[in-house]
Amino acid sequence: MRYEDEDFYNHSDRRMMILASDEIREAIVDGRLRNGEILYPDAIVEHYGVSVPTATAIISQLRDESLVRKEASYEHDAVNFHAHEVMTLGQQRLRLEMAAIRCSARRTLNPYLSRCNRSIRTCKASDQIRPKLKSNVEALIYLYACVDNESDLKRIGITIRRFSKYLICLWRDERRQDEYLKDIRMIVKLCKANDVEGAAEMVGQHISKITTAILAELGRRERESLSAAMGPGRAA
């Protein structure tokens, strides 16, 4: 093979970009990369052997997923995965989605509910986290498709997407994933029956339950990390 074969090296870089993105994403979710830690492109270049543009693209992708954020006091991005954001987004979701479901449940069109169910089935069938999260977001957007105005739907979509990254904490457990999707199916069923208050109550219970579960999981990981840092027998 010729060294000047650019297609080979481009393909290799793309493959390493996928590998690096997955590994860094996993490290953020597992807590090995802590909230506030800086991601340096040079470190990614050195560790994975990718080009500087590829390292920049990896960080940009993680930023799009809200896993990192641009720090005002730095030129670089920092890990963005913490309990305070979970609580804030959970509160925003409760406010936005309980109002939206009351609107949608009164006039939801069956085609939207059919698409919602289809996205739920896709979410369940996929064996990879990112397609699962994408299908989950699509299902919820279809569920709220009959809100009064497009700007409300856009705000809901942004909040759900930012919240969805935390579902990775739970969805490695298939039982938890099944419980989550069962809740969404029940909300769809209540919408089909035009049970406005029943649907609103179910949305509230679902968001509160999933927020509490994520906070509990993040707390568990924080305690494990502290215990490991302190050494055997020193953590209370």
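The predicted model holds 16 salt bridges, a salt bridge being a side-chain nitrogen of Lys or Arg within 4 Å of a carboxyl oxygen of Asp or Glu. Residues are numbered from 1 along each chain as its sequence is written, and side-chain values use heavy atoms, with hydrogens and water left out. Because the model is predicted, local features need pLDDT of at least 70 and side-chain atom pairs count only at pLDDT 80 or more, whereas totals for chains, interfaces and linings use all residues.

One of the salt bridges joins the side chains of Asp77 and Arg63, at 2.8 Å from N to O. This pair links distant parts of the chain, with Asp77 in strand 3 (residues 77-79) and Arg63 in helix 3 (residues 52-64), 14 residues apart. Helices (H or I, at least four residues) and strands (E, at least two) are DSSP runs numbered from the N terminus. Asp77 is buried at 3% relative accessibility, while Arg63 is partly exposed at 33%. Buried means under 20% relative accessible area, exposed over 50%, and partly exposed in between (1.4 Å probe, protein chains only).

Two further salt bridges lie within helices. In helix 6, Glu138 and Lys134 are four residues apart, about one turn of the helix, and their side chains meet at 2.8 Å, N to O. Glu138 is partly exposed, with 30% relative accessibility, and Lys134 is exposed, with 53%. In helix 9, Glu179 and Arg175 are likewise separated by four residues, about one turn, and the closest N and O atoms of their salt bridge are 3.0 Å apart. Glu179 is partly exposed at 37%.

Lys132, in helix 6 (residues 129-143), is buried yet has no salt bridge. The nearest side chain of opposite charge is that of Asp178, 7.4 Å away; Lys and Arg count as positive and Asp and Glu as negative, with His and the chain ends not counted. The side chain of Lys132 does reach the backbone oxygen of Cys123, at 2.9 Å.

Arg115, Arg118, Arg121 and Arg185 form a positive surface patch. Patches are made of residues with over 30% relative accessible area and no salt bridge, like charges being joined within 9 Å and nonpolar side chains (Val, Leu, Ile, Met, Phe, Trp, Tyr) within 5 Å. Helix 5 (residues 110-125) gives the most to this patch, with three residues. Arg185 lies in helix 9 (residues 174-192) and is partly exposed, with a relative accessible area of 37%.

Terms used: Areas by Shrake-Rupley, 256 points an atom, 1.4 Å probe, with all protein chains shown as cover. Charge placed at Lys NZ, Arg CZ, Asp CG, Glu CD. Polar contact = N/O pair within 3.5 Å; in protein donor to acceptor, adjacent residues only side chain to side chain.
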